Amino acid sequence: MTTNLRKFLSLTTALVMTSSAVAYAEPSAELIEAAKKEGMLTTIALPHDWCGYGAVIDGFKKKYPEITVNELNPDAGSADEVEAVKANKDNKGPQAPDVVDVGLAFGPQMKAEGLLQPYKVSTWDEIPDTIKDAEGYWYGDYYGVMSMIVNKDLVKNTPADWADLMKPEYSGQVALAGDPRASNQAILGVLAAGLASGAKAGKEAGEAGLKYFAELNKAGNFVPVIGKSGTLAQGSTPIVVAWDYNALSWKDTLAGNPPVEVIVPASGVLAGVYVQGISAYAPHPNAAKLWMEYLYSDEGQTAWLAGYCHPARFNAMSKAGKIPQALLDKLPPAASYEKAYFPTLEEVDANKAAVTAGWDSVVGANVQ
């Protein structure tokens with residue numbers, strides 16, 4: 001990935017990238033009318049505490065009350081989204097997703113398998129070229145970095161880095177926020193651990209991450225439970241490896257009960273981009289396009305930022321003075337992100353292949 005992109009995606013970047021600064025305009029009356037006639041939008045894998053999606057969905061409903069938002073399986077992973085599109089190719093009913101929000105590696109995969117249809121939103125030129133498909137089949141929406149969230153009622157000493165999690169004091173406490181055989185968040189959690197060992201991003205880091213989790217599991221520190229705010233609070237997963245925006249959102253939701261701490265590890269600081277796409281078999285294609293227009297509008301992008309995610313148009317919106325200072329002030333210290341590494345698509349793909357193929361044989365923990 002280019003140095004310029006890393007600068008763009010860094011929280012401390014100067015706004016050095018040029019942009020055509022396309023002004024956001026309301027979607028066409030024709031698109032709005034066609035979407036209203038369809039009357040429904042079916043989403044999948046959008047937990048309300050993920051990236052501020054609860055507020056995003058509410059904002060879309062308020063703007064277009066004629067369109068019912070049908071939410072499928074909020075806790076699904078990226079691979080589940082792919083399978084849902086495949087399984088419902090000939091289904092125009094409520095189980096067929098119109099849109100997907102998947103990890104970066106899954107966008108090209110879905111395009112190659114003919115599962116997406118192209119659409120370029122009106123703010124297309126403000127999405128960096130390096131995180132979107134040139135033909136419009138998929139496009140970056142937001143990014144964050146891998147972090148650790150800790151239940152302070154149960155964990156006396158907050159770990160500072162990946163190596164700390166091996167200590168006996170963390171026995172039966174460490175979980176991933178997903179199944180590493182299907183969840184993009186968990187797959188990249190394994191990559192982050194591999195990077196912390198000094199391995200090169202891609203297959204090498206994926207294999208090193210598998211070795212790390214095998215040792216963590218052998219030590220009795222790994223818990224084969226999908227970590228969420230509920231399991232964190234209940235104590236079944238006192239330490240969860242998750243995207244920073246999820247961890248910070250959980251912290252807000254828990255409101256001190258129990259007290260939690262969110263840290264960005266000292267090494268293996270991994271940044272991850274997610275992407276949007278419209279199903280090639282979408283039962284409500286116009287509603288799907290209208291949804292994309294909303295997500296990439298100033299309102300939609302700001303709502304994601306309020307959920308601690310850095311939206312794709314962050315640079316252009318910052319340059320135009322469109323981001324409220326109060327939101328910028330709520331973000332974690334910029335210094336924590338200075339070491340963030342943004343893997344290339346090729347590295348993400350190689351890591352995904354290594355982790356999904358090797359988890360059962362190398363680690364052997366059935367996460368569910």
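Q: Which helix do the buried residues of helix 2 pack against?
A: The buried residues of helix 2 pack against helix 10 (285-295). The model is a predicted one, in which local features need pLDDT of at least 70 and side-chain atom pairs count only at pLDDT 80 or more, while totals for chains, interfaces and linings use all residues. Residues are numbered from 1 along each chain as its sequence is written, and side-chain values use heavy atoms, with hydrogens and water left out. Helices (H or I, at least four residues) and strands (E, at least two) are DSSP runs, numbered from the N terminus.

Q: What makes the buried residues of helix 2 line one face of the helix?
A: The residues concerned are Leu 31, Ile 32 and Ala 35, in a helix that spans residues 29-38. Seen down the helix axis, they fall within an arc of 100 degrees, so they line one face; the arc is that of the directions from the helix axis to the C-beta atoms. Buried here means under 20% relative accessible area, exposed over 50%, and partly exposed in between (1.4 Å probe, protein chains only). On the other side of helix 2, Ala 29, Glu 30 and Lys 37 are exposed.

Q: Why is helix 10 described as largely enclosed by the rest of the structure?
A: Of its 11 residues, 8 are buried, so helix 10 is largely enclosed. The buried residues are Ala 287, Ala 288, Leu 290, Trp 291, Met 292, Glu 293, Tyr 294 and Leu 295.

Q: Why are helix 3 and helix 10 called oblique to each other?
A: The axes of helix 3 (residues 53-63) and helix 10 come within 11 Å and cross at roughly 120 degrees. Axes are lines fitted to C-alpha atoms, for helices over the stretch in contact, and angles run from 0 to 180 degrees between N-to-C directions. Angles under 35 degrees count as roughly parallel, over 145 as roughly antiparallel, 65 to 115 as roughly perpendicular and the rest as oblique. The two helices are therefore oblique.

Q: Which residues make the contact between helix 3 and helix 10?
A: Helix 3 contributes Tyr 53, Val 56, Ile 57, Gly 59, Phe 60 and Lys 63, and helix 10 contributes Ala 287, Leu 290, Trp 291, Tyr 294 and Leu 295. Contact means heavy atoms within 4.5 Å. By class, this contact of helix 3 with helix 10 has 9 nonpolar, 1 polar and 1 charged residues. Ala, Val, Leu, Ile, Met, Phe, Trp, Tyr, Cys and Pro count as nonpolar, Asp, Glu, Lys and Arg as charged, and the others, Gly among them, as polar.

Q: What makes helix 3 roughly antiparallel to helix 11?
A: The axes of helix 3 and helix 11 (residues 298-306) come within 8 Å and cross at roughly 155 degrees. That angle makes the pair roughly antiparallel. The contact is made by Tyr 53, Val 56, Gly 59 and Lys 63 of helix 3 and by Glu 299, Ala 303 and Trp 304 of helix 11. By class, it has 4 nonpolar, 1 polar and 2 charged residues.

Q: Why is Val 275 called buried?
A: Val 275 has a relative accessible area of 1% and is therefore buried. Val 275 lies in strand 9 (residues 271-279). Leaving aside neighbours within four places in sequence, its contacts include Val 100, Leu 104, Trp 138 and Tyr 139.

Q: Why is Val 362 called partly exposed?
A: The relative accessible area of Val 362 is 42%, so this residue is partly exposed. Val 362 is found in helix 14 (residues 345-363). Leaving aside neighbours within four places in sequence, Val 362 is in contact with Leu 210, Lys 211 and Ala 214.

Q: What is the phi of Ala 45, and what is the phi of Cys 51?
A: Phi is near 65 degrees for Ala 45 and near 60 degrees for Cys 51, each a positive value in a residue other than glycine. Most residues other than glycine have a negative phi. Ala 45 lies in the loop between strand 1 (40-44) and helix 3, and Cys 51 is found in the loop between strand 1 and helix 3. Ala 45 is buried, at a relative accessible area of 9%, and Cys 51 is buried, at 0%.

Q: How do you know that the peptide bond from Asn 257 to Pro 258 is cis?
A: Omega of this bond from Asn 257 to Pro 258 is near 5 degrees, and the bond is cis. Most peptide bonds are trans. Pro 258 lies in the loop between helix 9 (244-254) and strand 8 (260-263).
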